[in-house]
Amino acid sequence: MWKEYLKEDSRGVLQYAPVDRGKIGYLSIHVPEEIILGAGRLPYRLLGRGKPVKRASAYLPKTFDPSVLDSLEGAIEGEYGFLEGVIVANVSDAHRRLYDAWRLCGTPKNVFFLDVPKGADALRVKTFSLALSALMREMETALDVRISPEGLREAIGLCNETRVLLQRLAGLRRQKRPPLSGHDFFDVVSWAQRNDKSYVNQKLRLILQELEMARGNGTVGPRLMLTGSPLGSPELISLIERLGAQVVCEDLCTGMQYFSDLVEKDSPEPLNALARRYLDIPTARMADTRARWGYLHKMAEEYDVDGVVYFTLKFDDIYLFEYPFIRNKFQKAGYRVLLIEAENFLTNVGQIETRVQAFTEMLG
Amino acid sequence: MTIVEDQRKRQREFFTLQFQKRLKRPRGYSPLKSSQARERAMFRLLLESFREGSSVVWKSTFVPSEIIYSLGAIPLYVESFSAVASAVDICPPMLDTSERCGYSRDSCTFLRAVLGASHKDILPRPDALVSTSYYCDGDPKIFDIFAEEYKKPHFYLHVPYAAEAGWAIEALAEQLEEVTIELAKVMGKPFDKERLSEIIQSSNEARRYLLRANELRRHVPSPMLGCEAIDYIASITQLWGSPELVRISRLLCEELEERIEKGVAAVDPEQFRLLWCHLRPYYNDEVFNYLEGHHKAVVAFESVNLITWKEMDPEKPFRSLAEKLLANPAIGPYERMTREVARMIRDYQIDGVVWMSPWGCRHFNSMAQLVKDGLRRELDVPFYILDLECIDKRNYSKEQVRTRLDAFIEVLGGRKEGCTPQV
């Protein structure tokens with residue numbers, strides 16, 4: 001029943017979203033949605049097409065983050081033409097070059113760039129505030145709007161509410177038999193990132209009402225944590241769950257990282273509050289490995305996982321470099337870890353199935 | 001070959017032996033005295049960093065050595081350790097080790113070699129680590145992992161992408177000052193601004209000589225082989241701020257002036273002038289020897305020797321260092337790099353560009369096609385993207401590389417005769 005709320009039209013947009021507001025696309029969760037909302041636009045997370053690329057390879061090398069190549073392909077093919085603009089963040093080498101290539105050959109033509117430091121201490125927060133301020137000025141000029149502190153505060157309230165509701169929903173997965181699968185949860189988070197926040201909040205409350213009362217019917221197989229590169233679709237989660245395990249938590253930017261913390265609400269300087277929160281997201285790109293390990297370990301304990309699946313996209317250096325360190329830490333803490341390296345769509349399904357099956361049997 | 005030796009003294013002896021062998025290696029050319037002095041200075045720096053009691057700061061590419069010298073510490077540019085290791089042929093076991101530890105063969109070999117060396121504990125141990133957000137994602141990540149493993153502090157500098165924005169200089173200068181003061185605490189010394197000012201002056205002096213050397217290299221025929229010149233990596237060398245760099249660069253100028261005066265050409269007869277972008281294969285000189293010796297195509301200039309920053313103000317060391325870092329064309333949108341490549345093409349009367357593209361280098365690989373297309377819009381110069389590895393000789397295929405270079409040189413030859421399209 002609750003899944004009815006997630007039904008979308010063919011472009012992935014709910015009919016309840018006000019039609020008079022333009023949409024601004026963004027690729028990274030380090031981009032504050034509040035700024036887009038403050039500009040009177042709807043934030044729309046680009047999650048990829050999950051198809052092989054052709055034309056993007058004329059601009060960027062094939063030995064490159066496949067999700068970025070995928071986004072560029074979509075931009076070249078005009079698949080994001082319904083957006084008024086897109087914000088590319090400096091979250092990796094690949095995204096920096098995506099910004100270059102998108103400006104050359106993609107649509108929409110309004111391409112904004114947001115610089116994001118890899119640290120969350122005072123000076124880095126200050127630098128990020130300056131970068132956010134520069135982004136706002138650029139958006140104000142391009143979109144002919146004014147982004148006011150009041151508008152930002154209102155957006156912070158709205159987004160915080162979404163975060164709290166998603167945190168409650170995620171909390172249900174701590175149950176021995178969670179009332180929703182990892183696949184379902186992924187769908188909810190993706191949906192929340194692409195729709196009008198007021199509408200999302202309203203529907204999330206209804207979903208919670210239903211699921212908080214429901215008795216879990218999830219599987220009793222091994223409980224897994226999924227961590228690593230961005231996943232654009234729940235394909236991998238479905239595969240894991242089809243094989244009898246359940247993904248009960250995920251450290252993914254398309255998963256629980258999205259609502260990891262709240263923005264300080266009544267800050268006299270909303271931009272600084274945003275800078276602090278968006279640098280505090282414990283993604284792998286941040287240069288604080290100790291904090292990241294602490295976050296991952298806490299998640300694994302809180303969700304009582306039996307094992308960890310570490311997913312990396314090919315050529316996604318941040319995760320390729322992080323993996324051995326995190327694997328060792330998990331192993332020392334008594335968790336088994338399975339590494340899966342793949343494209344942004346599953347091409348080697350049979351091989352992955354065999355490995356996941358062996359892993360779940362081992363955990364069982 | 002023992003490279004798993006755990007004692008510093010034995011390691012120092014091992015490396016000394018390797019470096020001596022390296023210095024005495026047979027070369028296809030007579031090196032300049034300044035080049036030999038540069039090699040010795042680099043090896044000495046590395047050996048010093050093994051010495052008991054030395055303070056060593058690991059740094060990534062763009063961390064200014066000046067702040068580390070000002071604290072009486074040794075800047076160890078760890079990626080250059082990989083290059084040295086490759087040159088003395090101890091890299092394959094380091095890479096094998098990193099692969100056994102779980103690091104992907106698709107990622108940067110400079111970093112993987114250091115990871116392997118760290119695992120074998122053959123690196124000088126750091127007292128602190130400093131990384132910047134440029135060039136690449138890998139540096140801050142692995143520096144943080146090293147910091148955890150060595151239980152030493154890691155300081156990270158965020159270099160603003162918007163290098164030309166008004167706020168970028170102040171934002172970076174503040175971070176540089178903060179890092180310097182924190183490093184001083186780690187070293188147990190007060191920060192001495194006067195000492196930093198002196199080091200900045202020394203850095204300025206070396207810069208003036210190296211700029212002069214770059215000017216001298218515009219001479220046709222070229223007075224210096226690219227094979228030799230590329231090792232100066234003037235834009236990023238860890239010798240910035242050291243008195244050695246002043247001596248070396250002064251000597252380099254004198255030698256180049258002398259060669260020009262005497263009419264000595266590095267390649268005779270000089271058929272083509274090439275611009276080489278990115279670093280080089282460190283495990284052998286074959287590619288350069290083939291281009292410069294066999295094809296008489298001199299590498300007239302290299303992007304890594306480009307000096308883009310202005311003279312620093314010793315009274316404002318952090319602001320000046322921030323300006324120096326931000327002047328790097330690798331920061332920001334690709335148009336900045338394209339602009340500089342176009343300038344080098346004009347300044348050095350370049351016939352063709354070789355853009356070296358190692359498999360695991362996301363930063364440089366990803367810019368190749370964009371810069372090539374950008375240049376095409378304003379200049380008609382052949383641009384060749386050469387897939388070649390800097391560190392890992394295991395994937396090197398001499399004949400394949402030669403075949404590709406032959407094709408490129410053929411294009412250049414055809415253009416001189418006015419009949420071949422651009423590649």
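Guide: What follows starts with chain B and then turns to chain A. The model is predicted.

Take the sheet of chain B. It is open and has four strands, in the order β6-β5-β7-β8. The pairing is parallel. Its edges are β6(B), residues 297-302, and β8(B), residues 383-386. Each of these edge strands pairs on one side only. From one strand to the next, the twist averages 30 degrees.

Strand β7(B) spans residues 352-356 and is joined to β8(B) by four bridges. The two strands run parallel. Within this pair, look for Val353(B): opposite it in β8(B) stands Phe383(B).

Helix α12(B), residues 286-294, lies across β5(B), residues 272-277, and β6(B). The helix runs at about 120 degrees to β6(B).

Next, a helix pair in this chain. Helix α14(B), residues 334-347, packs on α15(B) at an angle of about 60 degrees. Their axes are 9 Å apart. Roughly parallel would need an angle under 35 degrees, and roughly perpendicular 65 to 115. The two helices are therefore oblique to each other. The crossing of α14(B) past α15(B) is right-handed. On the α14(B) side, the contact is made by Tyr334(B), Glu335(B), Met337(B), Thr338(B), Val341(B) and Ala342(B). On the α15(B) side, it is made by Met367(B), Leu370(B), Val371(B), Gly374(B) and Leu375(B). By class, this contact has eight nonpolar, two polar and one charged residues.

Cross to chain A. Its secondary structure comes to 12 helices and eight strands. The C-alpha atoms fill a box of roughly 60 × 50 × 45 Å along the principal axes. For 364 residues, a compact globule would have a radius of gyration near 21 Å; chain A has 20 Å, which agrees.

Chain A has an open sheet of four strands, ordered β6-β5-β7-β8, with parallel pairing. At its edges are β6(A), residues 246-251, and β8(A), residues 336-342, and each pairs on one side only. Here the twist averages 25 degrees from one strand to the next. Strand β7(A), residues 307-313, pairs with β8(A) in the parallel sense over seven bridges. Helix α12(A), residues 349-363, lies across β7(A) and β8(A), and runs at about 175 degrees to β8(A).

Last, a helix pair in chain A. Helices α6(A), residues 182-192, and α8(A), residues 235-242, pack at about 160 degrees, with axes 8 Å apart. That angle makes them roughly antiparallel. The crossing of α6(A) past α8(A) is left-handed. Gly182(A), His183(A) and Phe186(A) of α6(A) meet Ile237(A), Ser238(A) and Glu241(A) of α8(A). By class, this contact divides into two nonpolar, three polar and one charged residues.

Notes:
Residues are numbered from 1 along each chain as its sequence is written. Chains are lettered from A and ligands numbered from 1 in the order in which they are written. This is a predicted model: local features need pLDDT of at least 70, side-chain atom pairs count only at pLDDT 80 or more; totals for chains, interfaces and linings use all residues. Two strands pair if DSSP finds at least two bridges between them. Axes are lines fitted to C-alpha atoms, for helices over the stretch in contact, and angles run from 0 to 180 degrees between N-to-C directions. Two residues are in contact if their C-beta atoms, placed from the backbone, lie within 7 Å. Angles under 35 degrees count as roughly parallel, over 145 as roughly antiparallel, 65 to 115 as roughly perpendicular and the rest as oblique. A crossing is left-handed if the near helix is turned anticlockwise from the far one by less than a right angle, and right-handed if clockwise. Ala, Val, Leu, Ile, Met, Phe, Trp, Tyr, Cys and Pro count as nonpolar, Asp, Glu, Lys and Arg as charged, and the others, Gly among them, as polar. The radius of gyration is taken over C-alpha atoms; the globule rule is 2.2 Å times the number of residues to the power 0.38.
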